[in-house]
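Good morning. Please look at the model on the screen while I go through a few of its features.

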Amino acid sequence: MTAWGRRRGWAAVRAIAALGLIVIATAQGRGYGRQREELCPGPIKIPYDGKWAFARVAFEPSSEAEYHDLKWNHDCPRAEMHFAKILKELTLLNPYMEGGAVFTLDDPDLFKYPFAYVSEPGYWTMTPQEVANARAYLLKGGFLVFDDFREYHWENFEEQLHRVLPDAKLVPLDVHNPVYQDAFFRMKSIDFQPPYGDWMPVYYGVYENNDPTRRLMVIANYNNDIGEYWEWSDTDYAPIELNNEAYKLGVNYVMYALTH
Amino acid sequence: MESIFAFLFKYRPFVFEKGHFALSAPWSMIGIVAFGVVVLGALSFSYTRVRGKSRWQDRVILGSIRAAALAVILFCLFRPKLMLSTVVPQRNFLGILIDDSQSMQIADQDGARSAFVARTLGSPDSALFKALAERFQLRFFRFSSTADRVADATQVRYTGRESRLGHSLEAARTELAGLPVSGLVVVSDGADNSGVGLTESLLALKGAGVPVFTVGLGRERFEKDIEISRVDAPRSVLLGTSLVVDLLVRQNGYRGSKITVFVEDAGRIVGSREVELPPDGQAAPVRVHFTVTEAGPRVFRFRIAPQAGELVTPNNQQDALILVNDRRDRVLYFEGEPRWEVKFIRRAVDADKNLQVVVLQRTAQDKFLRLSVDSANELIGGFPKTREELFRYRGLILGSVEAGFFTPDQLRMIADFVSQRGGGLLALGGRRSFSEGGYTGTSVADVLPVALGPRAGSDSMPFFAEMKVEPTPAGLSSPITQIGPTEEASAQRWKTLPELSTFNPIGTVKPGATTLLTGSGRDLRSRQAVLAYQRYGRGKSAAFTVQDSWLWQMHASIPLEDQTHETLWRQLLRWIVSDVPFEVTVTASRDRVSPGDPVTLTAEVDDDRYFRINNAVVTAQVVAPTGEKQTIPLDWTVSRDGEYRGTFTPKAEGLYAITVSGNQGSRALPPATAYVQATPLSTEYFDAEMHAPLLKRIAEETGGRFYTPATVSTLPEDVSYTQSGAAVVEEKDLWDMPILFLLLVGLVSAEWGYRRKRGLA
């Protein structure tokens, strides 16, 4: 049995669930949280030098978040470091290689990075100023990717997104969408297994003016966590094929955002 | 001055000019000279012998005065004469050409200019008419575009819409050919709007020995007048273009006043500009901005409301015919690396229905993303490899792509795209652009408006500098970089835009290039060109040396509704594709003519690789406003490759549509369209002041003389001293000139006065 198979087995065991295992899992999560807190404790500024850089959005997590878990910093900074290496290797993009930048939505410097990544939008909250900035960011030409959320997280994500774009329609995207076909990789399927849980990923997008002939400005990887794949892609955490699929999604998102 | 001369010398200077000096003493010349020598010798001897109170200086002075008086007497004894050729009365003809154009109705002297003609040449009782009629057989002509014989001056109507002086003079000379002609008299304000030089006509007149006497009517400078003297408008633009048209406004009498220049499209005001008028006699350049919103041939009117006391008002407006094309011009944008410029340039021009930016994005080595292509095969092989493929586009944007990507043939083809095809090239800044992209010494470097030197930085440590971008004076008024509704608003907006950055330190722009934007920053040694352009061959090239103009859209300081980035890019790309020729282009010699005036059509014909072709069969179909169709064959001019020419004459007023089509062998050439508006033009009211220099030149070069109404009374006598026609030689005595008598009296008085002063009397 592969490592991936063993993890799936453990998930099944957790589903049958003994309280002790849940506690262990939670404890492990808090452990990762502390590690993340040390590496991505808050906004990270990088000098603007004309390079493309991975921008992560920091926010105040909702009260439902576990203690010490900032949520937005999941997989930071290993995910962006690995992703930048992939971009550098596969494309002619000239990315910032030392990880990425982290901005709150009310940070004016965010606007120098029109591609931004939001992790755990199930716990996303915004101040009125952040709402206004997020709206301006998207309508001016920015592109937001939401990742690492599932099940009931949707309600909060949708609610917050509608604070930014009240009329936004979240449209399911299939593999035939140009973002999956033309941007860089011609993907055969986007229905690959998330790194944990039994949910089937669903991809949603928001078009500019809700017009499918215009650009996508928001993509949500609901029931998926491609950042998790990126983070652990240098380990045997998941099969290489799945890591590849996660990278393909990310590369296509970046290339699409850069050209549309 | 002339009258004083005539008083002293008995005759006017003109008579001296026309005559030859001669001596005709009734006695022996030798005897007179001998007599003078004897008298002079005796004089000298007597003065040298005199003694007494006088010093030797006194004797020299008195002797000189006496000798001078003797010389005057001797000169008179020689009996000097002026020999003049004078016409035989009534044996010669005099052609009188009266300006029949509208400008003669301008009342800038004692009444209208035409009133002078009526008072003098139009009235047999006038002194001038009588004096001329006594000496000559008079033949009257009226002239505007040509000269027509009329019975007398009363038949001149002053309705001509143009003045063609040279052509009219030749026509009159031809009409009088074979007759003894003493000269031609031109009565005119001197306006010549034929656009043709006079030299040939004047040489012909001089060769025929026909002097031209010119009478200038009107003031050389109006007291109060405003004129739109020039309109520089493009012949064709894309629909929706924010157009900038340059006018030249001249004025007298309204210095410092503020007036408004209006732009009208079919009576609807589409633009305006307030102008402070320059000092009297000076011309002020005025730039007006407006947007063309209606497709098709449009007549735009540029108008200044008549001002109080203004003498001539028809010159307050000018019309321009502009063909507004509702087509979609295609620009190829080749970007060598994924970067934000692609997205934001596409977004900026996305709403522009007349621009299509076809993107070829290199995303990885040998991997390309094609966007906004028309067909599945377009650019399927990457960057075009043939002229036909590249030259289909009207504009080319080179992004951050290294010169080494292209083959030498492709680099040459890009240069030819500009120089031969006439396309517009825009090179963007980037890691792989300009010197940093290895373009120094390539064919493309020759085309660019900026000078390329050695590469700055390295792959691991590229040059990078942030800079504040500012417009130059040329940029402030350029239609490309005007980002506000007015120049002032635009200048203000430029000050507030955030900094951009560059990977390319640009040293200098090439001579002849125009810099519109410059940048300065702490990492730059000096201010460097950010946006510069130049004409190159048939086309034009521009360099935009920043790498992140998208920040002018995305930056936090830019309001969401701000249109600066969109406006700049739309204007820039529209300018890049403006005036880019098609395979076949047609231009009319004048796009606005008076009915009856011939129009020359010139077609330039290329094949689809934009090589000139001389063996095509080219015709122009002209559709009159009445619907009548006329086919005009256009013939190869031989003098220039690919140039074909033909002529038609619009008869009726209205718009004439011209479609040029043709074939090269079995291949049909794509048609080209142009328009000509036939309308009564009011060119006579422009530059309508009296042109004395031109009239003087005509007189001087043909042996005639220039007059004004104040001096014209001497015209009959002056004309009579001509060698043309039937003439006799007349002798005029000069010994009795008052100047000689006065000189003699003066010398004697001087001698007497000197003696009195010295006590020698």
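Let me begin with a term: pLDDT is the confidence of the predictor in each residue, on a scale from 0 to 100. A second one is contact, meaning that the C-beta atoms of two residues, placed from the backbone, lie within 7 Å. This is a predicted model, where local features need pLDDT of at least 70 and side-chain atom pairs count only at pLDDT 80 or more, while totals for chains, interfaces and linings use all residues. Residues are numbered from 1 along each chain as its sequence is written, and chains are lettered from A, ligands numbered from 1, in the order in which they are written.

Chain A first. In residues 1-34 of chain A, pLDDT stays under 50, and the model has 20 contacts beyond four places in sequence for them. Over chain A the average pLDDT is 88, with 85% of the residues at 70 or above. Chain A contains eight helices and seven strands; helices (H or I, at least four residues) and strands (E, at least two) are DSSP runs, numbered from the N terminus. Among the contacts in chain A with a separation of 6 or more, 73% are between residues 24 or more positions apart.

Now to chain B and its strands. Two strands pair if DSSP finds at least two bridges between them. Strand β15 (residues 317-325) of chain B runs parallel to strand β9 (residues 236-238) of chain B, with three bridges; there, B:V237 has B:V324 as its bridge partner. Strand β14 (residues 296-304) of chain B runs antiparallel to β15(B), joined by eight bridges, and B:P297 stands opposite B:L323.

Where do the chains meet? 27 residues of chain B are in contact with 21 residues of chain A. The largest share of that side of chain B, five residues, comes from α9(B). By class, the side of chain B that touches chain A has 13 nonpolar, seven polar and seven charged residues. Here Ala, Val, Leu, Ile, Met, Phe, Trp, Tyr, Cys and Pro count as nonpolar, Asp, Glu, Lys and Arg as charged, and the others, Gly among them, as polar.

Finally, α9(B) also meets helix α16 (residues 564-577) of chain B: their axes come within 8 Å and cross at roughly 85°. That makes the two helices, α9(B) and α16(B), roughly perpendicular, a label for angles of 65 to 115 degrees, with under 35 roughly parallel, over 145 roughly antiparallel and the rest oblique. Axes are lines fitted to C-alpha atoms, for helices over the stretch in contact, and angles run from 0 to 180 degrees between N-to-C directions.
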